[in-house]
Amino acid sequence: MTLQALEKRAAALWHRLEPPAAPLTAVEVARAGGLEPDPWQRRVLESEAPQMILLCSRQSGKSTTTAALAMHATLYRPPSLVLCLSPSQRQSVELYRKCMQLFRALGEPVAPVIQTRLELELANGSRLVALPSGESKIRGFSGVDLLLCDEASRIPDALYQSVRPMLAVSGGQLVLLSTPFGKRGFFHHEWTEGGASWERTKITAHDCPRISAAWLAQERATIGDWWFSQEYLCSFEEAEDQLFHDHDIDAAFSDTIAPLWAPEAMQP
Ligand SMILES: Nc1ncnc2c1ncn2[C@@H]1O[C@H](COP(=O)(O)OP(=O)(O)OP(=O)(O)O)[C@@H](O)[C@H]1O
Ligand SMILES: [Mg+2]
């Protein structure tokens with residue numbers, strides 16, 4: 001065992017000997033990061049709903065809120081397995097970084113046993129793992145206590161279907177957070193037709209006290225109504241020049257029809 005590994009193990013044992021600090025609420029975890037949660041953020045942080053959808057404007061604070069949820073479960077509901085799923089490596093790193101900022105702001109109240117660029121394992125038995133949707137080891141997880149799907153409208157449907165069962169036995173909480181991305185995919189489906197089992201929160205840019213009306217007017221003039229409605233007004237928009245509806249295009253795809261040419265036959 002290396003000296004570094006020994007030091008980590010010693011730190012973990014030392015933390016176990018110390019009397020545990022009184023657990024914080026998720027709202028208090030968010031406050032430790034130096035911000036006062038908006039009323040909607042507080043509702044989300046205090047919610048016990050097993051399934052939540054946050055349909056929120058760009059920059060409204062959805063990642064910050066769920067990072068506090070993740071860190072709260074990791075620290076104060078041990079042993080928890082928390083998965084943060086994002087469409088890309090960059091977004092996974094970003095969400096994980098927000099979690100780690102909170103961890104440090106709280107003074108690392110539980111010793112880390114493993115700490116990498118995308119994973120934190122603590123001496124209390126909890127694990128927090130951030131994964132991009134292309135990651136092959138995603139399907140290997142089970143018994144997940146909290147599953148966050150950041151930018152969920154851009155996560156492939158097949159992946160969503162394959163991660164949902166990870167909550168089956170644990171009864172863990174599922175949170176989808178995103179801006180919209182067309183009238184297609186599981187995010188749109190769960191929002192519009194997912195039924196009463198979801199707690200839904202919709203926050204447009206006008207609801208966010210940190211985004212000024214003047215800035216929004218400027219942004220609308222710059223990016224145009226279509227993008228503005230999607231990014232800031234939480235509107236599920238179809239492409240302006242689209243001949244067919246999204247759901248008709250989706251319905252035209254089939255897994256049961258073999259391709260006319262095998263992919264390798266198409267190589268030059
Ligand atoms: N309650 C709050 N008080 C003060 N600042 C906040 C609050 N909530 C979020 N912020 C700040 O607002 C900015 C945007 O937050 P965040 O990245 O969580 O938003 P987002 O909705 O995930 O944005 P994006 O759509 O770009 O992913 C960050 O700088 C964050 O620190
Ligand atoms: Mg975000």
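Helix H5 (89-105) is the top contributor to the lining of the largest pocket, giving five residues. Helices here are DSSP runs of H or I, at least four residues, numbered from the N terminus. A pocket is an open set of points on a 1 Å grid over the protein atoms alone, with protein on both sides within 12 Å along at least five of seven lines, and lining residues have an atom within 4 Å of a point.

A quick word on the source: this is a predicted model, where local features need pLDDT of at least 70 and side-chain atom pairs count only at pLDDT 80 or more, while totals for chains, interfaces and linings use all residues. Residues are numbered from 1 along each chain as its sequence is written, ligands are numbered from 1 in the order in which they are written, and side-chain values use heavy atoms, leaving out hydrogens and water.

Back to our pocket: of its 22 lining residues, Gln59, Lys62, Ser63, Lys98 and Glu151 are the closest to the centre. By class, the lining has 12 charged residues (Asp, Glu, Lys and Arg).

So, what sits in the largest pocket? That's ligand 1, and sitting there asks for more than half of its atoms within 2 Å of the pocket's grid points. Helix H4 (residues 62-76) gives the most to the shell around ligand 1, three residues.

Now the polar contacts, pairs of N or O atoms within 3.5 Å. The side chain of lysine 62 places an N or O atom 2.8 Å from an oxygen atom of ligand 1.

Note on methods: A polar contact is a pair of N or O atoms within 3.5 Å; within protein, one must be able to donate a hydrogen and the other to accept it, and residues adjacent in sequence count only if both atoms are side-chain atoms. On a 1 Å grid over the protein atoms alone, a cavity is a set of points where a 1.4 Å probe fits but cannot get out, and a pocket is an open set with protein on both sides within 12 Å along at least five of seven lines; lining residues have an atom within 4 Å of a point. Helices (H or I, at least four residues) and strands (E, at least two) are DSSP runs, numbered from the N terminus.
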